[in-house]
Each structure stands twice: as structure tokens, then as C-alpha cells.
Amino acid sequence: MTAIPKEPTVARADKLRKAAQHYDCVLCHRDKQYTVPAHCNDGPMKGIGRKAPGWMIAYVFTICHDLIVGRAGGLSRDDKRRLWDEAY
């Protein structure tokens, strides 16, 4: 049985993640010092054992990121998706 190959790491995706520190949050416009990249947590690009592509990110404040991924706020799945769509 042949193993399924993983997607290659793209250097550009690493640069996109590091670029977050140069932008304010797209949702609340807070200082870039605390901006992090948020990946899409829902949709066709993600599945069990599969993360969304590196280019599918939005630059958000750490608290906004916690809302999007469900660590804070108690938002419904639809509300979290709507918030991420707005950021993206």
C-alpha cells in the first residue's frame, strides 16, 4: 500500500504567517504587535488530519482569533464562520 503524499511546504506561506506582525487586526483594528494569522477552521479545504492551506489566513488580534477558533465567546459554528469570512 502506497502512502498518500503530503502537500509540500511552501516558503511563501511561511512569509505570509510572519507578515502578520506588520498589520493591524482586520476585524477590530488593534495594534499589529498582537496580530496573528488565523486559518479557516471550516470548509472544503480542511478535514480530519488536514489543515487549511497556508495562504488561507486572515490577520487578526489574538482575542479575535480566540473567538474564531472557539476558545472564547461561545459563538455558534455559523457565527464563527461568519466572523472568519468577514476577516478573510
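These are my notebook entries on a predicted model of a protein.

**Entry 1: ground rules.** I work with a predicted model, so I keep local features only at pLDDT of at least 70 and side-chain atom pairs only at pLDDT 80 or more, while totals for chains, interfaces and linings use all residues. I number residues from 1 along each chain as its sequence is written, and my side-chain values use heavy atoms, with hydrogens and water left out.

**Entry 2: overall layout.** I looked up the secondary structure and found three helices and two strands. I take both as DSSP runs numbered from the N terminus, helices being H or I with at least four residues and strands E with at least two. The order from the N terminus is α-β-β-α-α. Of the 88 residues, 27% are buried (buried is under 20% relative accessible area, exposed over 50%, partly exposed in between; 1.4 Å probe, protein chains only). The protein exposes about 6500 Å², and carbon and sulfur atoms supply 54% of that (Shrake-Rupley method with a 1.4 Å probe; for residues, only the protein chains shown count as cover). I then looked at contacts (heavy atoms within 4.5 Å). Among those between residues at least 6 apart in sequence, 52% join residues at least 24 apart.

**Entry 3: helix α2.** Which residues of α2 are buried? In this helix, residues 62-69, I list Cys64, His65 and Ile68. They lie on the same side of α2 because they cover an arc of only 100 degrees around the axis (the arc is that of the directions from the helix axis to the C-beta atoms). An α-helix has 3.6 residues a turn, so residues three or four places apart point the same way. The cover over these buried residues includes β1 (35-39), β2 (57-61) and α3 (77-87). After α2 comes Gly70, with a positive phi near 95 degrees.

**Entry 4: α2 against α3.** I found these two helices packed at an angle of about 135 degrees, their axes 8 Å apart (axes are lines fitted to C-alpha atoms, for helices over the stretch in contact; angles run from 0 to 180 degrees between N-to-C directions). That makes α2 oblique to α3 (under 35 degrees is roughly parallel, over 145 roughly antiparallel, 65 to 115 roughly perpendicular, the rest oblique). On the α2 side, Cys64, Leu67, Ile68 and Val69 make the contact, and on the α3 side Lys80, Leu83 and Trp84.

**Entry 5: His65 and Val36.** His65 of α2 has a relative accessible area of 15% and is buried. Leaving out residues up to four places away in sequence, I see His65 touch Val36, Pro37, Ala38, Val60 and Arg71. Val36 sits in strand β1 and is partly exposed at 25%. With that sequence exclusion, Val36 touches Ala20, Ala58, Tyr59, Val60, Thr62 and His65.

**Entry 6: aromatic pairs.** I count three aromatic pairs (rings of Phe, Tyr and Trp, its six-membered ring, with centres within 6.5 Å; planes under 30 degrees apart are stacked, over 60 edge-to-face, the rest tilted). Tyr23 and Tyr59 are stacked, because their ring centres are 5.3 Å apart and their planes are at 15 degrees. Tyr23 is in the loop between α1 (11-18) and β1 and Tyr59 in strand β2, so this pair ties together parts that are 36 residues apart in sequence. Tyr23 is partly exposed at 45%, whereas Tyr59 is buried at 15%. Trp84 and Tyr88 also form a stacked pair, 4.7 Å centre to centre with 15 degrees between the planes. Here Trp84 is buried at 3% and Tyr88 is partly exposed at 47%.
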